[in-house]
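The sequence and coordinates come before the explanation.

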Amino acid sequence: RTNTTRVYRVDRGERTEIWSMKGWFRVAALADDGRHLVVGYDGNNLLPLDYAKDEVMLTFYDRGKAVRIVRLKELVRDFGHLQRTASHYQWGSYLGFDAEGHYVVETVEDRRLAFDVTTGRPVGK
């Protein structure tokens, strides 16, 4: 209703707001530290037929402040691999956090890309 994302700490049934930010997101994942939020593209794994290579696919936040954005052209190397559906292109999937706390996506090129949630930068895997 308020178009606000709020993060709470729950301790023994008591809820305390830690931070909040403007916006509501279809694709979002909060790191275990409660501080770092990863937001994905609103269309999830589907792009419109007239997609832009500069489309923002990931935004990394630290307590509601944007740290880094990742564009489609940083995730997909060869756009010929995009998979056409009846009305869209599929680019890949948001897999979420791995055991090390990195945020992971997988592309239609069978590439798994992991990102440091504190910086939004790719990590070597």
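**Salt bridges along the chain**

K73 and D54 form a salt bridge, with their closest N and O atoms 2.6 Å apart; the term denotes a side-chain nitrogen of Lys or Arg within 4 Å of a carboxyl oxygen of Asp or Glu. This is a predicted model, in which local features need pLDDT of at least 70 and side-chain atom pairs count only at pLDDT 80 or more, while totals for chains, interfaces and linings use all residues. Residues are numbered from 1 along each chain as its sequence is written, and side-chain values use heavy atoms, with hydrogens and water left out.

The K73–D54 pair links distant parts of the chain, 19 residues apart: K73 belongs to helix α1 (residues 72–75), and D54 to the loop between β5 (46–48) and β6. Helices (H or I, at least four residues) and strands (E, at least two) are DSSP runs, numbered from the N terminus. K73 is partly exposed, at a relative accessible area of 47%, and D54 is partly exposed at 40%. Here buried means under 20% relative accessible area, exposed over 50%, and partly exposed in between (1.4 Å probe, protein chains only).

A further salt bridge joins R35 to D62, with the closest N and O atoms 2.7 Å apart. R35 lies in the loop between β3 (28–30) and β4 (36–40) and D62 in strand β6 (residues 56–62), so the pair ties together parts 27 residues apart in sequence. D62 is buried, with a relative accessible area of 18%, whereas R35 is partly exposed at 33%. R35, D62 and R63 are linked in a network of salt bridges.

In total, the structure holds 8 salt bridges.
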